[in-house]
Structures are given as C-alpha cells and as structure tokens.
Amino acid sequence: MSPATARVLTRVLRWLLVTIAVVWSALPFYWMLRTSVAPAGEVFFDGISPLPTGVTADNYLRAWTTARLGSAMATGTVVVVAILALQLLTCVPAAYAFAKLRFRGRNLVYGLVLAALLVPVQATAVPTFLVLSRLELVNTLPSLILPFATSAFGIFLIRQFIVTIPDSLLEAARMDGLSQLRILLTIVVPVCRPAILTFALFSVFVHWNDYLWPLLVARDPHLHTPPLALAVFNSTDLQPDYGAYTAAAAVVTMPILVLFLFARRRFVAGLSGGEIVG
Amino acid sequence: MAIPATVREPRTATPSRAKTPRRRPSDARAALAFIAPALLFVALWTYLPAALSFAASFFQIPLAGNTWTFAGLSNYASIIADGDVHQAAWNTVLYCVLSIVPSVALGLGGALLIDAAGRGQGVLSALLFLPLTANLVAMAVVFEWLFAFNGGLANQALGLAGVGPVNFLGEPATALPTVAVVGVWRAASFCMVFFMAGLTTIPASLHEAAAMDGLRGWSKVRRVVLPALRPAVVLATVVATLQTVQIFDAVRVMTDGGPGGASESILTLMWRIGFGYFQLGGAAALSFLLLVVLLVVGVLRRRAVLRGAS
C-alpha cells in the first residue's frame, strides 16, 4: 500500500469515526426535536424518515397546558434563582475568610467544610426529609430551596480563586481604612467574578435538573419543578403521546442547552471542576 | 465592620510588614461573621442528616416523622434479608459492569477524535459535549421513545433488517441493559471532560520528543498519549462508578424498576421503601449502607485526584 493510499484510508476512517460519534451524541436531541414538531399521525410512521412531512406547534401547545409547564418553569426559575442567591451570599464571604483572613482553627473548620463534599446528596435525602418534616416544611417552596442554601463545592471553588489575589492589594485597601466587608464587596467580589460565574453555571445546571429531591418534598402540583412535571406527564397517559412528551422534554432541556451554547468552556469547567481539582 | 482605631495599621507601614499580615483581632471577628452562615447550613444539611441517617436506621418512623419507635437492628435485619434489596444491589452491580468500561472507552475515543480534528475542533467538541447538557428526565423520556415497542426508532431499524420488534423496556432480559444505554450516553461525555483536561497537561516537550522519534498518528497515541492519560483513566473510572451507583432518574422514568424489579437500582428501591411503603427507618438503614459505600468510593476518588495532580 502506497503512502498516498494509506493517508486517504486514514482520513476516511477518521471521518467515519467522527460521524459515528456525532450521531451517537446528537441523535437523541435530534429525535426529540423531530418528534416534537411532527404533525399528529406523523409520529408513528412507516419506515425511517429523517425529516417530518410538516412542522406544527400543536404538540408544544398540548404539552404546555396538560403538563402545566408554565407553572413548572416559573417554580423552577424561582427555586434556581433563590438557591443561587443564598449560595453566593454564604459561599463568597466564607471563601474569602478561608483564603485570606487569619483566625484560630481555620484549617480545621475548612477541613470540615471540605469533608462535606464527600457526602452525596442522595445518601442524605431521607434524613434531610425527616428534618424538614419536623420543621413542618415538607411540601412548601422553602423545602425545595433551604437544603441547598450553601455549597461546600462553591466555597472550595471560589476560595481557590481568591487565594491567587495578591496580599499586597488587600493590605493596601486595609491601610486606606477599608473594613473587611468593604474589601470583600469592592475588591474581592469583582476580582473573582470568573469563579463566581463558573460556580453559578454549575449550580443552575444541578438544581434545574434535580429530580430526586423535588420528587420527595413537592406533593402539590404547583410546586412541581420542570423535571418532576415532565416525569409526571410522561407517566400519566395509557396511550403514549410521544409528540407531546418530546415537546415537553425539549422545553425542559432548552434553558440549560442555551447556557451551554453561550458559555461552553466555563460550563464544562464548572461541571468538571469539582472532579478535576477536588 | 469598622476597624477599631487602636488596631488600625499606620499608613506608613513598611512594605516588608505588609507582605506578611499578622493575625488581627478584627480579622477573627470578620471571619466569624463571614463563615457562620455557611457553617450553619453545612452542619444542618450535611452533618445532621448524615448522623440522623445512622440514628434513624434503628427506629420505626411513620411518614409524618414525629413518633419514633426504637426498633434495634430490625431495620438492618429486614434490609439484609429482603430479596428486593438483593436484586437491587445485584442490578446496581450489573449497571456498573455494563456502563463503566463503555463510558470510559467512548469518552477517551471522543477526546482523541477532538484532539485530532484540527480546524473543526470547536464544532466537534460542542457536538460531543451535548449529552453533558442533558436533563436526565428529558433524555429518559426520549430514550423511552427511541426504544418503544411500537414505532420506536430502534425497532424501525431492526425491522429494516428483518428482526423484531423487541419489547426493550418490557422484557426482564432487556430492560436493564436498555436503561444502562442512557447512563453510558451521559457518562461518556462526562469522562471526555477528564480526557480533554488530561490531553492539555501533556507537556510540549513530550510532543517534540515524539516528533523527533518519527512517531505520528496511531503509533504516537499508543506509545505517548495513552500512557500520559493514565491518571485521567483512573479518575474517569471512579467518577463513572460514582454516577452509576447512584442511577435513579433514568430507571424511574423509563421502567420504574420493572418489569418485576428487573431494572430496580438501590436508589429507586430506597425511594420505594421510604415513600412507597412508608418505611422511613428502613429507607434510612439502606441509605446509611449506601453512604458507607459511596464514602469508600469518594475516598478512592480523592486518592485518584491527588495522584493525578502530583
């Protein structure tokens, strides 16, 4: 085999592998969108047709009203924003204190926070439910938010960034008579904005997609978050309505997909940061 | 918080002192105020539940949760004797066996393809990272449709080959492997992240040395790149294991553990015992056992991370 043929063969093989990889990762998304816009009676077709014969919004309208997607999207947004606000309020000051302030027992307390990273949410779901049930908070909006009011991962990620701020900068501010709170708000927060953004993407991703926890505490349909509303919708009908199911799935997927397309690098870094560094 | 005049540094402090900040009383007070909220919530939502899951596992607890009846080791005894638990534990092992190797291998393959892509790198990595963005409930709904008995794409394709149709999610033999496909689809792109990160850590000198030795293409991958990625392989394996042991969303949406418990995982069974049969003590016992297993895997992960970093 001449070198030229070998080169052509390698190139063909690589294109083949790339095609297989792209089909594998994108096909479920494509099939979701394809089914969601297909006219009724077009969903069950004979033979594989990659494109639907027409495009309709009927499935989306049916899914939106039957699955109460409007209410679910609103609840999901409130929950995700409230969790993120609480996490930033608790994580950023703590991260600054662990990174730059000197106090007795700092390493011990930071170690306790890091150890919490090892305890997965799924394994503490039942006892957390017991705590909330004792506080009579089950089936309320706070029960969807409060258990995630702080994040050990957030403290860790933001602290890693604050450590790299030069001490001389903070010392100069202190000599100008700034209080620690002013230093935190006017110097630390603006400087560590990249870390805060990375963490925010991670937090929004995790809590928008969470299914197990809302399933435990949200009995009232008004409290259903998007994944829970979708799962309930998907399990109700005896006659499966795949057009509407995939439309609802597309609606639930879309906000995160848009975040990913706009901030891909930071998004991937946020999802993997916890695993790569800590 | 105002700094008392007595401890404020003079404006004329020497640079050498500024470089090594001393411990200041005002710092300690600010630090306390800064860490107290976070610490309170970590204690309330991590340490208290972890301790409670141990304590609750010795009690009979109704769903209202206000009267606990001491039950000794009976929760553990019934969990350990429960055939459903055995099946769910065995199924979870099967999920791991079926998922981990394909996830790591596909993730590695994807990363190598992106690395070799040249100009199209951005587009290709965006496409291959798509599964990372997926909502697992939404994707479980889509995969349920892809593998549907009537009109599902998989059965359409098999039909062209003259096979089937196969009731993928309705038969005990195929339900678990079919659910595992969703796990692999998602975990593979997660693993890819670690391999991409691993590829960037390969020093330029190593690439130059490979070029000097005339290594190109596949021989370079095999002799230079793969050995350098060994820490990433360990890390990806541990992460894929952690994700698979906790499989829940896809099982509950696609089969709800069925048919006849054939695809039940530990977490879906924990949910069923606690919130289907209202035995919160039993669910606590099961989640404590799970916590112990996950802590062991978590410690292994930390080791892998530390070894990868050094």
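So, before anything else, what do I mean by a pocket? On a 1 Å grid over the protein atoms alone, a pocket is an open set of points where a 1.4 Å probe fits, with protein on both sides within 12 Å along at least five of seven lines, and lining residues have an atom within 4 Å of a point. For a volume, grid points are joined across faces, edges and corners, and we take the space filled by probe spheres set on the points.

Quick housekeeping. This is a predicted model, where local features need pLDDT of at least 70 and side-chain atom pairs count only at pLDDT 80 or more, while totals for chains, interfaces and linings use all residues. Residues are numbered from 1 along each chain as written, chains are lettered from A and ligands numbered from 1 in the order written, and side-chain values use heavy atoms, without hydrogens and water.

Okay, chain A. Its secondary structure is 14 helices and 0 strands, where helices (H or I, at least four residues) and strands (E, at least two) are DSSP runs numbered from the N terminus. Chain A has a radius of gyration of 24 Å, whereas a compact globule of 278 residues would have one near 19 Å. That radius is taken over C-alpha atoms, and the globule rule is 2.2 Å times the number of residues to the power 0.38. The C-alpha trace of chain A spans about 75 × 70 × 35 Å along its principal axes.

How much of chain A is buried? That would be 54% of its 278 residues, with buried meaning under 20% relative accessible area (1.4 Å probe, protein chains only).

Let's zoom in on Thr75(A). You'll find Thr75(A) in helix α3, residues 69-100, and it counts as buried because its relative accessible area is 9%.

Just after α5(A), Glu136(A) takes a positive phi of about 55°.

Over to chain B. Here we get 14 helices and 2 strands, and 51% of the 310 residues count as buried.

Now, back to those pockets. By type, the lining of the largest pocket splits into 29 nonpolar, 11 polar and 7 charged residues. In this count, Ala, Val, Leu, Ile, Met, Phe, Trp, Tyr, Cys and Pro are nonpolar, Asp, Glu, Lys and Arg are charged, and the others, Gly among them, are polar.

The second largest pocket comes in at about 620 Å³. It is lined by 30 residues, and those nearest its centre include Asn234(A), Tyr242(A) and Met254(B). For the second largest pocket, α12(A) gives the most to the lining, with 5 residues. That lining divides into 18 nonpolar, 8 polar and 4 charged.

Notes: Buried < 20%, exposed > 50% of the residue type's maximum accessible area, 1.4 Å probe, protein only.
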